[in-house]
Amino acid sequence: MTNSVMPTYGRLDVTFKQGQGAWLIDNQGERYLDALSGIAVCNLGHCHPKVTEAITDQAKTLVHTSNVYHIEMQQKLADKLVSLSGMDQVFFGNSGAEANEAAIKLARKYGHSKGIDKPVIIVMDGSFHGRTMATLTATGNVKVQAGFEPLVPGFVRVPFNDIDALRMAISHWPEAVAVLLEPIQGEGGIKVPEPEYLSQVRALCTQRKLLMMLDEVQTGIGRTGKWFAFQHSENVIPDVMTLAKGLGNGVPIGACLAAGPALGILEAGNHGSTFGGNPLASRVALTVLETIESEKLLDNVNKLAPKMLAGFQEQLGKLPGVKTIRQAGFMFGIELNQPCGPLIKAALAEHLLINVTAEKVIRLLPPMIINDEEAELIVNKVSSLVKAFLAEHAVESVA
């Protein structure tokens, strides 16, 4: 049978029909524990009753008008995000890539307002910011760029977690207007920088009058145990922050927040979105934020994440094939000494959903609503799979 869908994804041989909490059910009635949350999207799990109620109630009232008019739910959502982040204003789009496009446009216009004809944005090796042409160029992975040249000019790349390299790049590029980075690199392999790194970047950007732009598409909305990952660092509020993924729990929405010198840069007519922040998406996102608060899900992350890390360290920490185990809240990266892509299918066969990124890193992004039993089940299943994989491949290498 001809597949009418473009083959842009390497899909696994499973089709899910239903979800409940941290579990998915396929079209054969088999249950799977979701340790990936739709890649950090379904923080409240699947079919959370409050999200379902918000979708159905709003769909009966008003789904879409246009940003030509005032949207009450969008204003309420913006007020909530501003309150939680300490920032000032929000632009709404439909995805993380759109949020990052807005940030890139804002940075370029900021540069032009300073008389810089060809503004430069400093980005990081190993980063991921999206698959549009500008965000693809900003992404620090040549594999996802291949075949799409010529890329967009105006980006300079430096190593992540290296403040000296950043300082040198700023000195070398007087056209630099902004630094764009993830507080923790997700797609790059759950790379957690040194504790003082973000504070150092903030101080350097302030000193050199550059915009500090944080891509919190994956780290935001509670995944690290705080609302936003930058809140783990002292004296850090970014000038620009982008959000998506967990903000809508599966309903498409993205956000670009601005503060300080980034305020007032984008004016009427400079940027827009047909669907961005429409009544339905805004109502759902507001419900997500309110539910995380009312159900104390940040506390749940902070309670279970250290237990899961301790479990992984106990079962896998001393294995010679395990290089490092990295963690920040409900972001776990288990790096092996060899490519481990086959573990995705092996886990699926055990009714567990995981991911492998940067070829050698098992990435786990469980929903914020998991309980103690589900957390323990994830640790035990992943540990067993890793042990079996390393034992098998050790035998192969000897043979």
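Before anything else, a cut-off: I call a residue buried when its relative accessible area is under 20%, exposed when it is over 50%, and partly exposed in between. I also note here that the model is predicted.

**Entry: Val 177**

I started with Val 177, which sits in strand β7, residues 176-181. Is Val 177 buried or exposed? Its relative accessibility is 0%, so Val 177 counts as buried. I then listed what Val 177 touches, leaving out residues up to four places away in sequence: Ala 107, Tyr 110, Gly 111, Ile 116, Pro 119, Val 120, Ile 121, Leu 210 and Leu 211. I also looked up Cys 205, 28 residues from Val 177 along the chain, and found their C-alpha atoms separated by 9.1 Å.

**Entry: helix α3**

Next I turned to α3, residues 72-85. I find 14 residues in α3, with 20 Å from the first C-alpha to the last, close to the 20 Å expected at 1.5 Å a residue. Which residues of α3 are buried? My list reads Met 73, Gln 74, Leu 77, Ala 78, Leu 81, Leu 84 and Ser 85. They cover an arc of only 135 degrees around the axis, so they lie on the same side of α3.

**Entry: Val 82**

With 22% relative accessibility, Val 82 counts as partly exposed. Setting aside neighbours within four places in sequence, I find Val 82 in contact with Met 87, Asp 88, Gln 89 and Val 90. I also checked Val 82 against Arg 11: they are 71 residues apart in sequence, and their C-alpha atoms are 38 Å apart in space.

**Entry: helix α9 and its packing on α3**

I moved on to α9, residues 279-294. Its end C-alpha atoms are 22 Å apart, which agrees with the 22 Å that 16 residues should span at 1.5 Å a residue. I count 13 of the 16 residues of α9 as buried, so α9 is largely enclosed by the rest of the structure.

How do α3 and α9 pack, in angle and axis distance? The angle is about 35 degrees and the axes are 8 Å apart. I recorded the crossing of α3 and α9 as left-handed. From α3, the contact is made by Met 73, Gln 74, Lys 76, Leu 77, Lys 80, Leu 81 and Leu 84. From α9, Pro 279, Ser 282, Arg 283, Ala 285, Leu 286, Leu 289 and Glu 293 take part. Sorted by class, the contact of α3 with α9 has eight nonpolar, two polar and four charged residues.

I followed up on Glu 293, which lies in α9. At 35% relative accessibility, Glu 293 counts as partly exposed. Beyond its neighbours within four places in sequence, Glu 293 is in contact with Lys 80, Leu 84 and Trp 227. After α9 comes Lys 296, and I note its positive phi, near 50 degrees.

Most residues other than glycine have a negative phi, and most peptide bonds are trans.

Ala 40 has a positive phi of about 65 degrees although it is not a glycine. I place Ala 40 in helix α1, residues 37-40, and its relative accessibility of 2% makes Ala 40 buried.

Ile 190 is also not a glycine, yet has a positive phi of about 55 degrees. Ile 190 is in the loop between β7 and α8 (197-208), and counts as buried at 0% relative accessibility.

Where is the cis peptide bond? It joins Glu 149 and Pro 150, with omega at about 5 degrees. I found Pro 150 in the loop between α6 (142-145) and β6 (155-158).

Notes: Residues numbered from 1 in each chain as written. Predicted model: local features only at pLDDT ≥ 70, side-chain atom pairs only at ≥ 80, totals over all residues. Heavy atoms only, no water. Axes fitted to C-alpha atoms, helices over the stretch in contact; angles between N-to-C directions. Helix = DSSP H or I, 4+ residues; strand = E, 2+ residues; numbered from the N terminus. Left-handed = near helix turned anticlockwise from the far one by under 90°. Contact = heavy atoms within 4.5 Å. Nonpolar A, V, L, I, M, F, W, Y, C, P; charged D, E, K, R; others polar. Expected span 1.5 Å × (residues − 1). Buried < 20%, exposed > 50% of the residue type's maximum accessible area, 1.4 Å probe, protein only. Arc of directions from axis to C-beta.
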